[in-house]
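Hi,

Here is the structure I promised to pass on. My notes follow below it, so please keep it open while you read.

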Amino acid sequence: MTIEIVPDSEHKGLVGRLPPRLRGLALLARFDRPIGWWLLFWPGVWAIALAGGLPDRWPLVLWFLLGSIAMRGAGCVFNDIVDRDLDAQVARTRARPIPSGLVSVRLAAVWLVALCLIGLVVLVQLRPLAAIVAVASLAPVAAYPFMKRITWWPQAWLGMVFSWAALVGWAEVAGALSAPLWLLYAGSIAWVIGYDTIYALQDREDDALIGVRSSALRMGAHVKPGVGAFYLVAVLCWAGAIWLVRPDVLAVAALVPVALHLGWQVMTLKPDDGAGALYRFRSNRFAGLLMALACAVVGSSL
């Protein structure tokens, strides 16, 4: 039994050297596509930094990194179990381990439990409030795979899920869920909607054929201004969060690099260019880093 390495894999060589069964498990958890856990990781770092947790809480950042890798993997495994029938109908996803037959649903479930146990190790490092907030994420995470069947805006639900680390990080450092956090979180949700709409451009034709909904389909010919609007909302919310932490124009100016980067994505986006859309989607790991640096500059000056 063989399995193809999906076209958007970033580590074809490394994953390709693994024995078939281990390769299937690695692909299930998307270890070949680290962009996912980077995007899950960055909002947590933003919250830790803006709440004043750096540089003293560097070990917490490393725990968040481990948790992001494990829980993003767990989420992907769960998503593939739920979506195995849909994945078999889409050109880009029919080579995934479950629809291709390499990994059984039972083995995938065992792998899911193992990844969740790693997440549990990270969970016990947190204070009670942060741990409670982290556990509360399980319900929206479990519901996400079904959103594309019932709403044109599954990206909005993904935004809530992929921004959840901000809630956990702020609760851990600040000991409360205060006003700047909610603007930071709202901005992250808008950012996720923007970049995941770009990602969804690759699947518009297949999604339309099998009845899967997405913001890319909903926006139609208005994808560029739509993504631009969500990115603008993100920057404005982040500016509000920074202003509440430090009411200083120079502090807000720390957002200029990330704002310029997001603007570049929108201005150069070609909705019919799948490879270009994937490149711009992946560039959001750099956007996350720029935002992290802005939060670190503001938070460390408190």
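Glu172 forms a salt bridge with Arg57, and their closest N and O atoms are 3.0 Å apart. (A salt bridge here is a side-chain nitrogen of Lys or Arg within 4 Å of a carboxyl oxygen of Asp or Glu.) Glu172 sits in helix H11 and Arg57 in the loop between H3 and H4, so this pair ties together parts that are 115 residues apart in sequence. Helices are DSSP runs of H or I with at least four residues, numbered from the N terminus. Glu172 is buried, with a relative accessible area of 2%, while Arg57 counts as partly exposed at 24%. For these words, buried means under 20% relative accessible area, exposed means over 50%, and partly exposed is in between, with a 1.4 Å probe and protein chains only.

Glu172 also meets the side chain of Arg127 in a salt bridge (4.0 Å, N to O). Arg127 lies in the loop between H7 and H8 and Glu172 in helix H11, so this pair ties together parts that are 45 residues apart in sequence. Arg127 is partly exposed, with a relative accessible area of 43%.

Before going further, a word on where the numbers come from. This is a predicted model, in which local features need pLDDT of at least 70 and side-chain atom pairs count only at pLDDT 80 or more, while totals for chains, interfaces and linings use all residues. Residues are numbered from 1 along each chain as its sequence is written, and side-chain values use heavy atoms, with hydrogens and water left out.

As for confidence, pLDDT is the predictor's confidence in each residue, from 0 to 100. The protein averages a pLDDT of 89, and 91% of the residues score at least 70. Over residues 1-7 the pLDDT is below 50, although this stretch has 23 contacts in the model beyond near neighbours in sequence. Contact means heavy atoms within 4.5 Å. Where pLDDT is low, the predicted coordinates should not be read in detail.

Back to the charged pairs: the structure holds 6 salt bridges. Arg30, Asp80 and Arg96 are linked in a network of them. Another joins Arg246 to Asp248, with 3.7 Å between the closest N and O atoms. Arg246 is partly exposed at 30% relative accessible area, and Asp248 is partly exposed at 24%.

Arg30 has a positive phi of about 60 degrees although it is not a glycine. Most residues other than glycine have a negative phi, and most peptide bonds are trans. Pro55 is in the loop between helix H3 (35-50) and helix H4 (58-82).

Asn79 is in helix H4 and counts as buried at 12% relative accessibility. Leaving aside neighbours within four places in sequence, Asn79 is in contact with Arg96, Tyr144, Pro145 and Lys148.

How enclosed is helix H11 (residues 164-174)? Of its 11 residues, 10 are buried, so the helix is largely enclosed by the rest of the structure. Among the buried ones are Trp164, Trp170 and Glu172. Just after H11, Gly175 takes a positive phi of about 75 degrees. In helix H2 (residues 20-28), the buried residues include Arg23, Gly24 and Leu25.

The largest nonpolar core has 72 residues, and those with the most contacts inside it are Trp46, Leu50, Leu184, Trp191 and Trp238. Apart from it lies another core, of 13 residues, among them Leu25, Ala74, Ala108 and Trp111. (A nonpolar core is a set of buried Ala, Val, Leu, Ile, Met, Phe, Trp, Tyr and Cys residues joined through side-chain atoms within 4.5 Å.)

Val124 lies in the loop between helix H7 (105-123) and helix H8 (128-136) and is exposed, with a relative accessible area of 58%.

Best wishes

Conventions
Helix = DSSP H or I, 4+ residues; strand = E, 2+ residues; numbered from the N terminus.
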